[in-house]
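Thanks for coming, everyone. Please look at the screen.

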Amino acid sequence: MSAPVGGAHRGHAKSAAGFLVDAERAAWHDRSLWFMRQKRDRGTAIAEWESLRLAGSALKAHAMSRLADLLEEFERRATANGVVVHWARDAAEHNAIVLGILHADGVTRVSKSKSMLTEECGLNPFLEARGIEVVDTDLGERIVQLAKEPPSHIVIPAIHWKREEIGALFHRTMGTPAGETSPDALAAAARVHLRDALLNAGAGITGANVIVAETGGVVVCTNEGNADLGMHSAPIHIACVGIEKIVATRDDVGVLLRLLARSGTGQPVTAYTTHVTSPRPDAAMHVVLVDNGRTRRLADEAMRAALHCIRCGACLNTCPVYRRSGGYSYGHVIQGPIGAILAPAVDLDAHRELPFASTLCGSCADVCPVRIDIPAQLLAWRARSAAAGALPSGYSTIFPFLGWVLSRLSRFERAARWARRVQKVIPSSWLSGRWNPWTRPGRTLPVIADETFREWAQREEGRP
Amino acid sequence: MFNAGVVTAARAAADNWVRASAPFDAIVMPSGSCTHYVRHHLPRFLGSDVAAHAAKVTFELCEFIAGPLGQPTLAGRFPHRVAMHLGCHAQRGLRLGGSSELHQTVSGPMHTLLTALDGLTLVPLDRPDECCGFGGSFAVGEADVSVVMGRDKLADVAAHDAGVLVSSDPSCLLHLEAVAAHHGHALRTMHVAELLEEATR
């Protein structure tokens, strides 16, 4: 199961149209994300970039092909290191395990660094409903948490927030001076606010960017150091990990870290990168390994490679559709092109529009650090939607008709003649009415040529 | 139809086209998108020898002029400021142009043909390989995003003071022309075949 995001979802096209009503804001969103794409272009302009991508793709494919063995190896090593390893089949088991650990020690306050897995499992609302206070300590995540919103981007959760709006939010929730919009002042206030949460938490929850079978270690990357403060100041560290995060060796980690930071933000490496293998003396460390549909995805050969995703966010930043529709238009915990191929596996009917929220331009595949062929999977999901009778409205009537017309030359020629005549007799005001999605958002009707290419060629050559 | 997932409808049309294509040694398409479909999807989709043959002998127009015809440049004159838009399937599907994602500069057979023409100034775009927003069924299924993408593409062209927008894909042009006309852009949109014909006339 996945946590509902952004309330009742209206489908991508409708939500995107809503996002675009404020044209200036939408243009700002597009520019902000394009800036990230440009940082990625500069950061990845190194001679070995394409061989790094090949290596990343290969080591992930290798890890997925040996997933069960590697997970068991990880469990053996981690246990020997003094870590308690838990297995969760789904989100409910994951949440129950975390709650059990907290209850056993009477913990009521938790700090949490960024983890898309816990978003996927709906951990925050689950714990809060049971009287446990959860403070997200990544600055962007804290902003959306204070605003009672889900993240709109897997790497930059509050990318849709403007500086002035953050100032107003902090004024209301942290008591910063009214009208304060300086990033330095706002970050300083957040630092004080978060430090209190970090130092007084009974447990620190983190995600994991990579886990390593060879060492039994957990690798966590942040730019704010909040994960390190969280795991090292609380008496309990709980790392919540999707099982696809595993790699075989410590050498593999180096490849993925370079790919991750350069693709996500253009940095050579994240500011804080921690490889933690065992608990501190007098402290406890838990790793919760979560399946929640991942083994089902592994068994699905056409869609398997989506498990290689390292959540760098590059495909979101480059996607011309994501940039102009915003994270909430996807109605899923993972947004953008990668979200559009992950969500249908969770619930095809609920996310039937997502594989169509793409022009198949292919930019996502070319920036993907582990070379996931996202357009191929979008296409495969479209075909599955069609087979399951879950096409967006209109598609299931228009296309079979078009297929019928185009399956015989005489039919096509008749249709062309007919369309030409129709356009001449029917008033264009009616043809471009509100009902017509071609003209409604700002396009004129194309004028159908007086002759087809075939007719022209026959006339030119003077023979049939 | 194939790209919209409606494969049963696509099959009848594809069968018809493949049958018609069988007797030819070369098939030239004025569209990177169609060429990409024929070359990369049809053989597996139909699984027939005729489909495999069609995939082998089908070329995008500029690719055909530069490759099988052996004319990487044509002599001609086109004294205008021109912006080039390679459709995404020509760009990233057929690799008929350098891609910014791969740290390559704008290049390829269409680029070479255009820049060789006398008087033609090819203007650099801020986002030279950003999608124009057509995307087949996307143009109507996601009409709002589609039109904003088209407007942004045209704004990029206008910011560089190009009077002509040329593309190798009629479908991108269909969309961009319609967006430009609605917003009153004084821009001449041309297919690369039209431009080459006019330049070499």
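Start with chain A. The chain holds 22 helices and 10 strands. Keep in mind that this is a predicted model.

Along the principal axes, the C-alpha atoms of chain A fill a box of roughly 90 × 55 × 45 Å. Chain A has 464 residues, and 48% of them are buried. Now take the contacts in chain A with a separation of 6 or more. Of these, 75% join residues 24 or more positions apart.

How confident is the predictor? The average pLDDT of chain A is 94, and 98% of the residues score at least 70. Over residues 1–8 of chain A, pLDDT stays under 50. The model still has 17 contacts beyond four places in sequence for that stretch. Where pLDDT is low, the predicted coordinates should not be read in detail. Let's move on.

Next, domains. Chain A is assigned domain 1 (66–292), domain 2 (311–387) and domain 3 (401–461). Look at domain 1 and domain 2 of chain A. Their centres, taken over C-alpha atoms, are 25 Å apart. Across the boundary, 13 residues of domain 1 of chain A are in contact with 14 residues of domain 2 of chain A.

Which helices of chain A supply at least two residues each on the domain 1 side? They are helix H6 (116–121) and helix H12 (250–264). H12(A) gives the most, with 4 residues. By type, that side of domain 1 of chain A divides into 6 nonpolar, 5 polar and 2 charged residues.

Now the two chains together. Here 44 residues of chain A are in contact with 43 residues of chain B. On the chain A side, the elements giving two or more residues are helix H1 (12–19), helix H15 (320–323), helix H17 (363–367), helix H18 (374–387) and helix H19 (395–406). The largest share comes from H19(A), with 7 residues. The side of chain A that touches chain B divides into 27 nonpolar, 10 polar and 7 charged residues.

Find helix H1 of chain B, residues 7–21. This helix has 15 residues. From first C-alpha to last, H1(B) reaches 20 Å, close to the 21 Å expected at 1.5 Å a residue.

Which residues of H1(B) are buried? They are B:Ala9, B:Ala10, B:Ala13, B:Ala14 and B:Val18. Seen down the axis of H1(B), these buried residues fall within an arc of 155 degrees, so they line one face of the helix. What covers them? The cover includes H19 of chain A, along with helix H2 (32–46) and helix H3 (49–57) of chain B.

Last stop, a single residue. B:Cys62 lies in helix H4 of chain B, residues 61–66. Is B:Cys62 buried or exposed? It counts as buried, because it has 27 C-beta neighbours inside 10 Å. Leaving out residues up to four places away in sequence, B:Cys62 touches B:Leu96, B:Pro109, B:Met110, B:Leu113, B:Ser168 and B:Val192. One distance to finish. B:Cys62 and B:Gln91 are 29 residues apart in sequence, and their C-alpha atoms are 12 Å apart in space.

That's the tour. I'm happy to take questions.

How values were computed:
Residues are numbered from 1 along each chain as its sequence is written. Chains are lettered from A and ligands numbered from 1 in the order in which they are written. This is a predicted model: local features need pLDDT of at least 70, side-chain atom pairs count only at pLDDT 80 or more; totals for chains, interfaces and linings use all residues. Domain bounds come from an automatic or database domain assignment. Two residues are in contact if their C-beta atoms, placed from the backbone, lie within 7 Å. Ala, Val, Leu, Ile, Met, Phe, Trp, Tyr, Cys and Pro count as nonpolar, Asp, Glu, Lys and Arg as charged, and the others, Gly among them, as polar. The expected span of a helix is 1.5 Å times one less than its number of residues. A residue is buried if 20 or more other C-beta atoms lie within 10 Å of its own, exposed if 12 or fewer, and partly exposed in between; C-beta atoms are placed from the backbone. The arc is that of the directions from the helix axis to the C-beta atoms. pLDDT is the predictor's confidence in each residue, from 0 to 100.
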